[in-house]
Amino acid sequence: MFDYFLSLSPIWQAFIAGLFTWLCTILGSSFVYFFKTVNRKLLDSMMGFAAGVMIAASFWSLLAPSLEYAEIDYGALAWLPAAIGFLAGGAFIRLIDYIIPHLHLGKPIEEAEGSEQLKKGLSKTTLLFLAITIHNIPEGLAIGVTFGALATQVSGIDASIMGAIGLAIGIGLQNIPEGSSLSLPIRGEGNSRKKAFFYGSMSAIVEPIAAVIGAAFVLSMSSILPYALAFAAGAMIFVVVEELIPESQSNGNTDIATLSLMLGFVVMMILDVALG
């Protein structure tokens with residue numbers, strides 16, 4: 001089975017990896033069938049863990065390779081495409097945040113971003129769903145550009161399939177608590193378990209789609225690879241700093257959330273370095 005996976009094109013590999021991370025979200029969303037509520041301390045620790053995974057993935061799987069690829073064409077200015085891509089990734093997610101109405105986890109509905117016209121008639125469930133969906137986009141893109149990089153034949157650079165798989169595993173691990181962090185609050189709003197599970201599961205359907213887009217984009221224009229890798233890193237860091245860390249720290253569980261972040265960082269670092 002693994003040999004068959006290795007024989008596939010990077011686009012198909014990215015799609016399968018995206019499906020895996022989606023399945024992890026589905027697994028997390030299924031917690032709604034086993035628990036009525038989630039312990040706040042546990043939820044904060046899970047969000048902290050997810051933040052740590054994304055921070056580590058942003059550096060080892062995305063920014064470091066971006067600098068490595070950029071050095072071939074840019075030499076001493078290798079930092080330039082990495083910096084441009086990183087900032088563009090953050091700006092992209094901020095733009096989506098502004099355009100699409102959504103609700104930050106733990107915030108009152110009045111603080112949902114987007115136009116007032118779009119927000120009218122949208123339930124809190126829908127706004128929560130849109131928030132998580134937005135934040136799954138950069139994860140899918142990260143998977144896509146990482147697998148797309150495997151097709152580049154650049155002398156002196158070894159794009160590792162195991163490193164790409166490690167990134168998918170890391171994102172999948174943090175998608176489990178992410179799925180439950182959406183389905184359980186939706187259930188808590190009085191919705192049925194079936195509806196809560198559906199919203200939680202479908203929030204990550206964008207990941208395999210974004211993964212295919214990211215891989216195809218890199219394959220069609222390999223010269224943008226340093227920018228694309230850094231772009232995905234910037235988008236992920238924006239999500240971590242804007243959403244995951246503040247929410248994990250907002251309920252008084254600062255120590256456990258911080259320690260969980262460090263644990264997530266170490267787990268992803270080990271996955272990336274050991275498998276890469």
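1. In this predicted model, Ser 61 counts as buried, because its relative accessibility is 5% and the limit for a buried residue is under 20%. Ser 61 belongs to helix 3, which spans residues 40–74. Leaving aside residues up to four places away in sequence, Ser 61 touches Ala 56, Thr 146, Leu 167, Leu 229, Met 268 and Asp 272.

2. On the packing of helix 4 (residues 79–99) against helix 10 (residues 225–249), the two axes come within 6 Å and cross at roughly 50 degrees. Helix 4 is therefore oblique to helix 10, and the crossing of these two helices is right-handed. Helix 4 contributes Pro 81, Ala 82, Ile 84, Gly 85, Phe 86, Ala 88, Gly 89, Gly 90, Phe 92, Ile 93, Arg 94 and Asp 97 to the contact, while the residues from helix 10 include Pro 226, Tyr 227, Ala 230, Phe 231, Ala 233 and Gly 234, as well as Glu 242. Sorted by class, this contact comprises 16 nonpolar, four polar and three charged residues.

3. Helix 4 also packs against helix 6, and here the axes come within 10 Å and cross at roughly 155 degrees. Because angles over 145 degrees count as roughly antiparallel, helix 4 and helix 6 are roughly antiparallel to each other. The crossing of helix 4 with helix 6 is right-handed. From helix 4, Phe 92, Ile 93, Ile 96 and Asp 97 meet Ile 134, His 135, Ile 137 and Pro 138 of helix 6, a contact with six nonpolar, one polar and one charged residues.

4. Turning to the aromatic residues, the structure holds nine aromatic pairs. One of them joins Phe 129 and Tyr 199, whose ring centres lie 5.4 Å apart with the planes at 85 degrees, so the pair is edge-to-face. This pair links distant parts of the chain, since Phe 129 lies in helix 6 (residues 124–148) and Tyr 199 in helix 8 (residues 193–202), 70 residues apart. Phe 129 is buried, its relative accessible area being 18%.

5. Tyr 199 has a further aromatic partner in Phe 198, and this pair is also edge-to-face, with 6.0 Å from centre to centre and 85 degrees between the planes. Elsewhere, ring pairs link Phe 59, Trp 60 and Phe 265 into a cluster.

Note on methods: Residues are numbered from 1 along each chain as its sequence is written. This is a predicted model: local features need pLDDT of at least 70, side-chain atom pairs count only at pLDDT 80 or more; totals for chains, interfaces and linings use all residues. Side-chain values use heavy atoms; hydrogens and water are left out. Axes are lines fitted to C-alpha atoms, for helices over the stretch in contact, and angles run from 0 to 180 degrees between N-to-C directions. Helices (H or I, at least four residues) and strands (E, at least two) are DSSP runs, numbered from the N terminus. Angles under 35 degrees count as roughly parallel, over 145 as roughly antiparallel, 65 to 115 as roughly perpendicular and the rest as oblique. A crossing is left-handed if the near helix is turned anticlockwise from the far one by less than a right angle, and right-handed if clockwise. Contact means heavy atoms within 4.5 Å. Ala, Val, Leu, Ile, Met, Phe, Trp, Tyr, Cys and Pro count as nonpolar, Asp, Glu, Lys and Arg as charged, and the others, Gly among them, as polar. Rings of Phe, Tyr and Trp (its six-membered ring) pair if their centres lie within 6.5 Å; planes under 30 degrees apart count as stacked, over 60 as edge-to-face and the rest as tilted. Buried means under 20% relative accessible area, exposed over 50%, partly exposed in between (1.4 Å probe, protein chains only).
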